[in-house]
Amino acid sequence: MDEKQPLLEFRDVDTFYGSLHILKDVSYTVGEHEIVALLGSNGAGKTTTMKTILGLVQPRDGSIHLGDTRIDGRSTREIVTLGVAPVPEGRRVFPKLTVLDNLKMGAWTRKDREIQQDIDRVYSLFPRLAERKNQLAGTMSGGEQQMLAIGRALMARPRLMILDEPSMGLSPILTERVFDTIVEINKQGTTIFMVEQNAYMALNIASRGYVLQTGRVILSGTAQELLSSDMVRKAYLGET
Amino acid sequence: MDVIIAGLVLGALYAIVALGYTMVYGIIELINFAHGDVFTFGAFVAIPILNRLVNQNDFNVPVGQSIFAVTVSVLAAAALCGILGVVIERIAYRPLRNAPRLAPLITAIGVSLILENALFQWQGGLPVFTPVAISRSTYTILGSPITNVQILVIVVAILMMVALDLFINRTNLGKAMRAVAQDREAASMMGINVDRIIAVTFLVGSALAGAGAVFYLLYEGSVGYNSGFTLGLFAFTAAVLGGIGNIRGAMLGGIVIGLISSWIESLGNGSGTEWYEPVIFATLVLILVFRPAGLLGTNTTEKV
């Protein structure tokens, strides 16, 4: 990690909602081509982390870097254009647009002529989306919407995909399929930073992880280290 | 039949203005009270152009001259209204984007008052008459007379509505407008420039009002500084009737309101004229009580 420059780096970031201190002196690094998991219970600051990356919440202190570029203080649009694609919490697909139009919106920042090619790539990754391409996104099941949200993020050809609770509301089988797809996307060259409550699943595919508690990173390490740490086992894997 | 024709013409005009209300509501949930005054502004822009381009001493205006004069005034009114709409949004509404919803609503009323007073200063309190830009000729449909101007208004309104529908549903820009309407934050996460999309919405809605104003002038022959405000209230009723935020609903609502008002006016040998306003606003109240989502709306109605 230390020898090459990370793709995403938080340096001592503090964020506030009004006077409420959410992230406290938080630092993360996500290396190129890694899968990094961010674990933590409700209210720990996981979603705030995602919003901070996207510029929806601005840090009061510290800095955020994407490769060589400092991205804190920039607009969401600029950050997305620089190569960050979100799969937001609750999926946030456009309910009254068709599946195909949702994918096209994912490619909004692109001007090249290979968009159709990428739509086909998403369809081959999620054949279900191809079957439903003219259906309104809001009429699909939660699992299908999650696939669409991931496909839509892929359409931006991101360097970094950030996923906020991709397993939320999905059955165990669907969760497994979504995680398989995340691994597949990572193999094709996209770096992944994901927030997850399902620590076991997340650490199974991640190379490293961070544990966030009330706004502080209380533990970090390789996925193996976290899986064998007593703290993680007790708090997230339900062992006693 | 006469009543239906008059109602359709009126309804087409209401529909065009209603589109501006419904598009803006769909995207930022604001009832843009200034919209009707933008309409008046469009008419005031068109009047001097028509005066200049039409030979006023000649009641038989050559067809070529009519087409030229109308086209130029439509383009000018649409362009200037579009710009006015964007300017209003930029200086009056955008700074309040994250304020409580009541604040932009009150601002909209304020903008309307400012515009109305400016229009009053510009053209005075009396109705301004326009030259006859198109020589009337009358045809007969199913035994009822219909003028060429009436046909023109209906045809142009249909063309504008079809064009708008295609723009919203088929182009990427139109889809982005709908995406912003459905989930503004998610749209910004796609890299969509939300402020620009909102500006485009004001541009298109206001330009439609400007173009509509010229056809209103051709049909009515005169316009006053507050004509747009009154017409705007009817159009707003139409937008609510169709389901505010719903484009096709605004079109349908406009036609229905037009037919209702023309029917009421025809009652009692013309004495119904005094009654069409109360009836229309009573309709508005009834809709809000019994079907607040409007004719085409559902509770999760598509916005824009």
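Two residues are in contact here if their C-beta atoms, placed from the backbone, lie within 7 Å. By that rule, 19 residues of chain A are in contact with 16 residues of chain B. The side of chain A that touches chain B has 10 nonpolar, 4 polar and 5 charged residues, where Ala, Val, Leu, Ile, Met, Phe, Trp, Tyr, Cys and Pro count as nonpolar, Asp, Glu, Lys and Arg as charged, and the others, Gly among them, as polar. On this side of chain A, α2 and α3 (99-106) each supply at least two residues. Helices (H or I, at least four residues) and strands (E, at least two) are DSSP runs, numbered from the N terminus.

This is a predicted model, in which local features need pLDDT of at least 70 and side-chain atom pairs count only at pLDDT 80 or more, while totals for chains, interfaces and linings use all residues. Residues are numbered from 1 along each chain as its sequence is written, and chains are lettered from A and ligands numbered from 1 in the order in which they are written. The model scores ipTM 0.91 and pTM 0.91. Chain B has an average pLDDT of 91, and 96% of the residues score at least 70; pLDDT is the predictor's confidence in each residue, from 0 to 100. Over residues 300-304 of chain B, pLDDT stays under 50. For that stretch the model has 20 contacts beyond four places in sequence.

Chain A comes next. Its domain assignment gives domain 1 (1-83 + 158-240) and domain 2 (93-157); such bounds come from an automatic or database domain assignment. Taken over C-alpha atoms, the centres of domain 1 of chain A and domain 2 of chain A are separated by 24 Å. The contact between them takes 12 residues from domain 1 of chain A and 10 residues from domain 2 of chain A. On the domain 1 side, α2 (76-81) and α7 (172-187) of chain A are the elements that give two or more residues. The largest share of that side, 5 residues, comes from α7(A). By class, the residues on the domain 1 side divide into 8 nonpolar, 3 polar and 1 charged.

What order do the strands of the open sheet in chain A follow? The 4 strands run β2-β1-β4-β5, and the pairing is antiparallel. Strands pair if DSSP finds at least two bridges between them. The edge strands are β2 and β5 (69-70) of chain A, each of which pairs on one side only. Within the sheet, strand β1 (residues 8-17) of chain A pairs with strand β4 (residues 61-66) of chain A over 5 bridges in the antiparallel sense. Glu9(A) has His65(A) as its bridge partner in β4(A).

A parallel pairing joins β6(A) and strand β7 (residues 160-164) of chain A over 4 bridges. Here Val84(A) has Leu160(A) of β7(A) as its bridge partner. In strand β6 (residues 84-87) of chain A, Val84(A) and Pro86(A) point one way, Ala85(A) and Val87(A) point the other way, and all are buried. A residue is buried if 20 or more other C-beta atoms lie within 10 Å of its own, exposed if 12 or fewer, and partly exposed in between, with C-beta atoms placed from the backbone.

Glu34(A) sits in the loop between β2 (20-30) and β3 (35-40) of chain A. Glu34(A) counts as partly exposed because it has 19 C-beta neighbours inside 10 Å. Leaving out residues up to four places away in sequence, Glu34(A) touches Thr191(A), Ser207(A) and Arg208(A). The C-alpha atoms of Glu34(A) and Thr191(A) are separated by 5.3 Å, although these residues are 157 residues apart along the chain.

Most residues other than glycine have a negative phi. Arg91(A), in the loop between β6 and α3 of chain A, has a positive phi near 70°. Arg91(A) counts as buried because it has 24 C-beta neighbours inside 10 Å. In chain B, Leu142(B) has a positive phi of about 50° although it is not a glycine, and its place is in the loop between β2 (138-141) and β3 (144-147) of chain B. Leu142(B) is exposed because 8 other C-beta atoms lie within 10 Å.

Chain B also holds helix α9 (residues 227-242), with 16 residues. Of these, 14 are buried, so the helix is mostly covered. Gly243(B), whose phi is positive, near 110°, follows α9(B).

Notes:
The expected span of a helix is 1.5 Å times one less than its number of residues.
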